[in-house]
Amino acid sequence: MNWGSWDNFWAMGGYAFFVWGSYGMALAIIAIELWQLKVRRRHAVTELQRDTARSRS
Amino acid sequence: MNTVSASPRVGLFWFSSPQTFFPLAGRMVPLFAALAVGLGLVGLYIAFFVAPTDATQGESYRIIFIHVPAAWMSMFLYVVMAFWAAVGLVFNTRLSSMMATAIAPTGALMTFLALWTGALWGRPTWGAYWVWDARLTSELILLFLYLGFIALQAAIDDPRRADKAGAVLALVGVVNIPIIYFSVQWWNTLHQGASVSITRAPSMATTMLWGMLIMALAFWMYSIAAVLHRVRSIIVARERRAEWIRELLAEGRLK
C-alpha cells in the first residue's frame with residue numbers, strides 16, 4: 001500500500017474521522033485499562049500493608 | 001482461611017491454589033504483554049501499509065482490524081469468564097472465581113470497543129451510527145451482561161457470595177453468545193455475514209485476512225496479560241490475611 005504522502009495517509013481517503021476515531025478509541029481503552037490495573041494493584045498492596053501493620057501492633 | 005483450597009498434592013488442582021498461581025501469573029504477565037506489543041506492531045503495519053484499499057468501501061474498511069478482533073474477544077472472554085465462574089461454583093475453587101472477576105472488565109472494554117468501532121464503521125457504509133439490528137442489539141446486551149456482572153459482584157460484601165451470585169448471572173448470560181454469533185444467519189440483518197474474505201479477490205483477501213488474524217492474536221495476548229495482572233491484584237486483596245502474601249510483601253516482591 002503506497003500512500004504517496006503522509007497527508008494522504010492521515011486523510012484516509014476522506015474517512016479520517018471514522019478510521020482514526022476507531023483506532024483512537026482503541027488506544028484510549030488500552031490506556032484507561034492500564035491505568036486502572038495500576039490503581040487496583042496499588043490499592044490492593046496499600047490495603048495489605050495497612051492490614052499487616054495493624055496485626056503487628 | 002488460606003488453607004481451604006491450598007491442597008498439598010500436585011495434580012489438577014495444584015494451580016487452583018492462589019499461592020502457587022500468584023508467582024506463575026507474575027512471570028506470565030510481561031511475556032504476554034511483550035507478545036501483544038510485537039504482534040500489535042506487525043498487525044498495524046499490515047493494516048495500514050500492506051493491505052490495499054477496498055474496492056467498494058475505500059479506506060473506511062480499515063476499521064475492521066480493530067472491530068473484528070474486539071468483537072471476537074468480547075464473545076470469547078465472556079465464554080472463558082462463564083467457564084471459570086462455573087468451575088468456581090461447582091468445585092468451590094476460589095481462584096477460578098477470581099479469574100472470572102478479573103476477566104469481566106477487559107471483556108466489557110472489548111465489547112464497548114466493538115460497539116464503538118461498529119458505529120464508526122456503520123455511518124459511512126450504512127448511513128447510520130446505530131440500527132436495532134439483531135447483531136448490534138445482542139452485542140449491546142453482552143455489554144449489559146458484563147456491566148451487570150461487575151455491578152452485582154461489587155454490591156455484595158462477602159466475596160464468596162459475590163462469586164456465586166456472579167456465576168449464576170454469567171451462566172444465564174451464556175445463552176446470548178450463540179445468539180450474537182448466529183444472529184447474522186438467523187435474522188435478516190444489516191450487519192454482514194461472517195468472514196469478509198470470501199467475496200473479495202484472493203490477493204487482497206490474503207493480506208486483509210492476515211492483518212485481521214494477527215491483530216486478533218495481539219488482542220488475545222493483551223487480554224491475557226491484562227487479566228493475569230488484574231487477578232494478581234484480586235489475590236492480594238482477598239488473601240491479605242494469609243501468611244504467604246505477607247511474606248511476599250515483607251520481601252518486597254509485591255509491586
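A crossing of two helices is left-handed if the near helix is turned anticlockwise from the far one by less than a right angle, and right-handed if clockwise. Helices (H or I, at least four residues) and strands (E, at least two) are DSSP runs, numbered from the N terminus.

The views below come from a predicted model, in which local features need pLDDT of at least 70, side-chain atom pairs count only at pLDDT 80 or more, and totals for chains, interfaces and linings use all residues. Residues are numbered from 1 along each chain as its sequence is written, chains are lettered from A and ligands numbered from 1 in the order in which they are written, and side-chain values use heavy atoms, with hydrogens and water left out.

**View 1. Chain B is built from eight helices and zero strands.** Read from the N terminus, its elements go α-α-α-α-α-α-α-α. Of its 255 residues, 52% count as buried (under 20% relative accessible area; exposed is over 50% and partly exposed in between, with a 1.4 Å probe and protein chains only). Contact here means heavy atoms within 4.5 Å. Among contacts in chain B with a separation of 6 or more, 75% join residues 24 or more positions apart.

**View 2. Helices H2(B) and H3(B) pass each other in a left-handed crossing.** Here H2 (residues 64–91) and H3 (residues 94–126) of chain B pack at about 155 degrees, their axes 7 Å apart. That angle makes H2(B) roughly antiparallel to H3(B) (over 145 degrees; under 35 is roughly parallel, 65 to 115 roughly perpendicular and the rest oblique). Axes are lines fitted to C-alpha atoms, for helices over the stretch in contact, and angles run from 0 to 180 degrees between N-to-C directions. The contact of H2(B) with H3(B) has 19 nonpolar, ten polar and no charged residues. Ala, Val, Leu, Ile, Met, Phe, Trp, Tyr, Cys and Pro count as nonpolar, Asp, Glu, Lys and Arg as charged, and the others, Gly among them, as polar.

**View 3. Helices H4(B) and H5(B) cross in the right-handed sense.** This pair packs at about 165 degrees with axes 9 Å apart, so H4(B) is roughly antiparallel to H5(B). On the H4(B) side, the meeting residues include B:Leu145, B:Gly148 and B:Phe149, and on the H5(B) side they include B:Ala162, B:Ala165 and B:Gly166. By class, the contact has eight nonpolar, four polar and one charged residues.

**View 4. Helix H6 (residues 176–186) of chain B has B:Asn176, B:Ile177, B:Ile180, B:Ser183 and B:Val184 buried.** These five cover an arc of only 145 degrees around the axis, which puts them on the same side of H6(B); the arc is that of the directions from the helix axis to the C-beta atoms. On the other side, B:Gln185 and B:Trp186 are exposed. The buried residues of H6(B) pack against H2, H4 (134–155) and H5 (159–173) of chain B.

**View 5. A:Met12 has a positive phi of about 50 degrees although it is not a glycine.** Most residues other than glycine have a negative phi. A:Met12 sits in the loop between H1 (6–11) and H2 (16–56) of chain A, and it is buried at 0% relative accessible area. B:Asn92, also not a glycine, has a positive phi of about 60 degrees. B:Asn92 belongs to the loop between H2 and H3 of chain B and is partly exposed at 41%.

**View 6. A:Met1, in the segment before H1 of chain A, touches residues of chain B.** Its partners include B:Phe48, B:Phe49, B:Pro52, B:Glu59 and B:Arg62, not counting residues up to four places away in sequence. With 31% relative accessibility, A:Met1 counts as partly exposed.
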